[in-house]
Amino acid sequence: MAVGYLATVVLAALIVVFCLVRIRGPKPLFYFSYRLGLVFNEMPFVVIYALVASTALAFVEGDIATVADRVAVGLAAASVVGLVVVARRGMRTASVVGLALDEALGVGTGARRRPPLARILLRPMFRRRRDVRRVGNLSYGDAGRRNLLDVYHHRSRPEGGPVLIHFHGGHYDQGRKNTQSLPLLYRLASRGWVCVSANYRLSPAFSHPDHLIDAKKVIAWVREHAKEYGADPAAAVFVSGSSAGGHMAALAALTPNEPAHQPGFEEADTSVTAAIVLNGWLGAYFDEDPATSPVNLVRADAPPFLVAHGDLDELVDTENPKALVTALSSVSTSPVVYAELPGGHHAFDLFHSFRFEAVIDGIEEFAAWVRVGKREI
């Protein structure tokens with residue numbers, strides 16, 4: 001029996017299961033399934049390549065000789081079929097996001113684009129672009145490395161571009177800038193945006209409202225310094241976040257210029273043009289204080305929101321973001337776009353994939369609509 005080949009096939013089969021089904025069981029199983037699903041749900045082609053290569057090698061070396069070996073080949077073929085299903089669900093994201101944009105902003109808003117196949121199929125983990133420069137570790141506060149941010153801008157440094165601020169996820173107790181939503185940051189920077197990714201103070205040493213205060217400090221820093229990198233922060237500042245960072249982005253968008261959250265910089269403008277939430281937790285903070293839930297902070301003058309969430313998110317059920325979407329839609333005069341991504345897991349924003357590239361396309365369409373001032377539906 002080709003033991004090495006069998007091990008490869010069994011692992012691939014497990015990956016297929018973890019991608020297709022939301023696993024919630026004992027903690028070790030959940031952690032294992034979550035990590036593998038997080039990566040390969042967005043990059044199923046990598047597993048297909050490995051299966052094809054290992055199967056061809058096994059045949060060439062004469063390792064497929066027993067009934068068990070032939071069963072392994074059959075399992076490999078079934079796994080490839082499952083991975084194709086995983087890939088097709090990701091490819092459906094474009095139509096889902098387009099429909100969500102059409103429903104919220106008007107028919108025909110969500111334009112279909114050709115996905116960057118070379119990046120998705122051959123370089124899914126390579127996020128950098130030659131035309132984008134990253135300026136790292138700029139200080140925006142007095143909390144050391146937890147108050148550092150990175151700026152991404154086009155090397156030609158065009159003037160008057162919009163700004164995107166991104167906050168990383170990590171349950172508020174881990175994570176760092178320069179790890180999440182990088183395909184988004186580099187794409188927008190290559191189109192003339194100035195993008196900012198920021199660290200912030202973490203739990204348990206810090207709690208609410210410390211995280212929100214840091215978010216406000218970043219917005220204030222952008223208002224003061226983004227012009228140095230080619231932006232026009234007076235025109236458009238979008239705030240975004242992944243997971244816990246999505247919670248921060250929502251709170252920041254719904255509490256503009258709130259003095260209690262701006263100690264020492266009360267006069268700074270911390271309003272934002274729109275908010276983008278990716279796989280975000282949008283309920284109350286860990287202490288269950290109602291004031292920490294974006295749902296309880298909705299307001300008529302809230303900025304436009306775009307919320308994207310996977311329907312197989314292992315950490316945050318879809319009912320959570322839907323609660324904010326419903327609350328905003330009932331009160332806000334601005335549009336609320338909600339895209340529920342078929343087959344999407346938590347942290348779908350790490351790699352170039354059919355799913356995240358379609359979400360980025362949607363973000364660009366959303367931002368373009370907001371920037372031209374079409375605030376009424």
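**View 1. Tyr172, a buried residue in a predicted model.** Tyr172 is buried, with a relative accessible area of 4%. Buried means under 20% relative accessible area, exposed over 50%, and partly exposed in between (1.4 Å probe, protein chains only). This is a predicted model: local features need pLDDT of at least 70, side-chain atom pairs count only at pLDDT 80 or more, and totals for chains, interfaces and linings use all residues. Residues are numbered from 1 along each chain as its sequence is written, and side-chain values use heavy atoms, leaving out hydrogens and water. Tyr172 sits in the loop between β3 and α7. Helices (H or I, at least four residues) and strands (E, at least two) are DSSP runs, numbered from the N terminus. Phi of Tyr172 is positive, near 70°, in a residue other than glycine.

**View 2. Asn178, in the loop between β3 and α7.** Asn178 has a phi near 65°, a positive value in a residue other than glycine. Asn178 is partly exposed, at 29% relative accessible area.

**View 3. Helix α7, residues 182-190.** Nine of the nine residues in α7 are buried. Among them are Leu182, Tyr186 and Arg187. Their cover includes strands β1 (132-139) and β4 (194-198), and helix α11 (354-371). Just after α7, Gly192 takes a positive phi of about 100°.

**View 4. Cis peptide bonds at Pro204 and Pro209.** Ser203 and Pro204 are joined with omega about 0°. For His208 and Pro209, omega is about 10°. Pro204 lies in the loop between β4 and α8 (210-225). Pro209 is found in the loop between β4 and α8.

**View 5. Arg130, an exposed residue.** Arg130 has 83% relative accessibility. Arg130 lies in the loop between α6 (117-122) and β1.

Methods:
Contact means heavy atoms within 4.5 Å.
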